[in-house]
Amino acid sequence: MSTHNDYNFAFIDENAKKEIRRSILKAICLPGHQVPFASRELPIARGWGTGGLQVTLAIIGPDDVLKVIDQGCDGSVNAVNLRDLIHRTTGVPTTFETAQASIIQTRHRIPELPLREDQIIVFQVPIPEPLHYVEPSIEKATAMHAEKDYARMWVSLYEDIVNYGSVTIGASYPVMVHENYIMAPSPIPKWDIAKLNMANCLHLFGAGREKRIYAVPPYTRVEPLQFEDKPFKKEDFSGHVCARCGAGDSFLDEIFDEASGGKYWVCSDTAYCDSRIQKEAAV
Amino acid sequence: MNEPVISVEGLEKTYGEGCGRCGECTGPDYNTNVCRYCGSVIALKDVSFELYQGEILGIVGESGSGKSTIVQCLYFDLEASSGLARLFPYDRGKANILTLPQSRKRYIRNHLMGMVYQNPLLGLKGYFTSGGNIAEKLLTADIYNYHNIRTRSARLLDRTEVDLEYMDRLCRTLSGGMQQRVQISKALANNPPLLLLDEITTGLDVSVQARVLDMIKTIQHELMISMIVVSHDLGVIRLLTNRTMVLKKGRIVEHGLTDQILEDPRDAYTQLLVHSML
Ligand SMILES: Nc1ncnc2c1ncn2[C@@H]1O[C@H](COP(=O)(O)OP(=O)(O)O)[C@@H](O)[C@H]1O
Ligand SMILES: [Mg+2]
Ligand SMILES: [Zn+2]
């Protein structure tokens with residue numbers, strides 16, 4: 001393997017990569033199940049995506065093309081730092097364009113453009129345990145998963161509806177994977193939940209601090225927890241379009257305009273937004 | 001009476017390593033449950049009984065005699081040291097439920113048994129509403145329709161005389177008597193054939209006690225549910241039960257029809273118990 005700047009290809013040593021890949025394979029075999037792995041020290045602080053980063057470094061090869069986003073944006077500091085680190089230690093080309101990437105590492109979003117079978121999306125996960133809010137003990141939560149003892153999780157949704165009329169969970173809405181395990185989809189908006197269901201691509205989730213890896217393989221059923229008569233609802237942007245590209249079918253960020261004191265909305269997925277503007281310009 | 005609901009043979013619970021001689025130096029004759037040789041606590045030994053459909057069995061005895069240990073072993077809160085317990089609604093009584101894997105025990109707890117503890121907050125989650133606590137039980141029976149859960153919870157709370165306005169209140173904010181009623185509702189949620197009641201009126205005001213006991217009688221009558229009632233209070237035992245076991249230092253000292261035991265206690269210890277009550 002070629003080395004860059006005295007590091008091993010993709011920074012992590014080959015043995016560690018093998019270990020991580022084993023955990024990834026196990027995670028793929030058990031969709032939604034959290035697999036422990038020996039999280040490494042990386043030249044980046046925990047909480048800044050070390051889980052996702054290790055997954056990416058373990059699977060990336062010289063032929064890959066990398067895209068890194070943070071909240072849908074390729075240009076944010078966190079995304080830039082991670083992309084630089086991976087690029088410097090692998091030499092793989094990087095891209096902003098979703099369609100060009102073979103690996104997309106992300107924090108908090110799934111790109112608007114549907115992903116393909118030859119693409120892998122890697123999520124940075126702060127809290128991998130969906131039962132965390134109803135069972136603080138990791139040991140007990142693990143037993144609850146093993147026994148599909150999910151009543152208490154459901155009660156937390158029930159109580160939300162009693163108190164607020166609907167489920168108030170915004171990001172990281174709990175999902176049932178393969179009718180088997182409840183999974184935290186990482187803090188993506190509800191908007192993105194449907195993209196996980198029966199998707200063409202492989203989804204890998206890495207939590208560095210909690211040392212957990214999990215996966216949603218392609219063509220796997222992923223359903224938000226919902227009562228039969230209280231259907232899950234994603235964010236509603238009706239009446240708004242992106243102020244840059246005019247899109248009315250994407251997840252929008254609300255922006256406060258200091259100059260005018262008003263508000264406007266723009267695509268959270270900047271690459272999607274840019275590609276629409278470019279297409280418009282080309283016409 | 002007809003078919004048994006549960007039969008228990010040789011139930012034993014030891015705290016400690018135990019030695020070959022634990023049995024010969026503990027029990028009512030020695031007035032201790034602590035082994036003189038090894039220091040182990042023989043909380044239960046040689047406990048055998050049957051409970052028939054629609055029957056209420058009382059377990060009475062002084063504090064520390066092992067009453068709670070019996071129901072907690074049957075409800076799997078405690079792991080029995082040895083013994084055979086067959087629950088007839090489960091696998092037609094073929095299995096020893098005490099040695100089932102955890103997932104099967106959980107199934108039994110959710111569907112075939114209800115437990116009511118002296119302390120309501122052992123059976124309820126204080127940070128959930130009354131309705132939410134009942135919903136938790138209903139959800140284990142795969143009822144995922146919000147409206148159905150609400151309707152069933154309301155009906156269950158009505159049966160235990162909890163005003164509908166308490167349905168959406170957090171359990172920890174309710175009075176002890178109200179919590180106890182909610183706990184009973186929750187225990188009944190999935191229509192279990194067997195209900196275990198451990199000193200359920202002990203912490204309550206006297207006036208509330210009477211109401212709760214009446215309610216238990218009515219529920220038993222309406223649902224023909226089998227019950228094990230644990231109490232140190234012979235008044236409770238007299239009011240509720242058909243048959244009674246008297247427990248002392250982890251052993252059964254007397255077992256028979258409640259009326260007979262109260263009228264004409266044969267065991268010296270039971271005589272003491274009965275007389276202390278008069
Ligand atoms: N963890 C423990 N270690 C040792 N002894 C215990 C433990 N828990 C309970 N015991 C003993 O078991 C006996 C039976 O307790 P229990 O069933 O609670 O009695 P009861 O309900 O009749 O008052 C008591 O002597 C008690 O001290
Ligand atoms: Mg007790
Ligand atoms: Zn001994």
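**A walk through the two chains**

In helix α1 of chain B, the residues tucked away are Lys67(B), Thr69(B), Ile70(B), Val71(B), Cys73(B) and Leu74(B), each of them buried. Keep in mind as you look around that this is a predicted model. The helix spans residues 67–74, and with 6 of its 8 residues buried it counts as mostly covered. Following α1(B) you'll meet Phe76(B), which has a positive phi, near 70°.

Now hop over to chain A. Where they touch, 13 residues of domain 1 of chain A are in contact with 10 residues of domain 2 of chain A. Together these two domains of chain A bury about 980 Å², with 54% of that area on carbon and sulfur atoms. If you want to know who does the work on the domain 1 side, look at Arg109(A), Glu112(A) and Trp191(A): they supply 50% of the area that domain 1 of chain A buries against domain 2, more than any other three residues. By class, that side of domain 1 of chain A has 5 nonpolar, 3 polar and 5 charged residues. Even so, the count between domain 1 and domain 2 of chain A is 0 salt bridges. What you do find across this interface is 7 residue pairs in polar contact.

Next, the meeting of the two chains. Here 22 residues of chain B are in contact with 17 residues of chain A, and the two chains bury about 1,700 Å² between them, 62% of it on carbon and sulfur atoms. Which residues of chain B lose the most area to chain A? They are Arg106(B), Tyr144(B) and Tyr146(B), together accounting for 41% of what the chain B side buries.

Among the helices of chain B, α2 (102–111), α4 (130–140) and α5 (146–159) each supply at least two residues of the side that touches chain A. The biggest giver is α4(B), with 6 residues. Sorted by class, the residues on that side of chain B come out as 9 nonpolar, 8 polar and 5 charged.

Terms used: Residues numbered from 1 in each chain as written. Chains lettered and ligands numbered in written order. Predicted model: local features only at pLDDT ≥ 70, side-chain atom pairs only at ≥ 80, totals over all residues. Heavy atoms only, no water. Buried < 20%, exposed > 50% of the residue type's maximum accessible area, 1.4 Å probe, protein only. Helix = DSSP H or I, 4+ residues; strand = E, 2+ residues; numbered from the N terminus. Contact = heavy atoms within 4.5 Å. Buried area = accessible area lost by both parts, 1.4 Å probe. Salt bridge = Lys/Arg side-chain N within 4 Å of Asp/Glu carboxyl O. Polar contact = N/O pair within 3.5 Å; in protein donor to acceptor, adjacent residues only side chain to side chain. Nonpolar A, V, L, I, M, F, W, Y, C, P; charged D, E, K, R; others polar.
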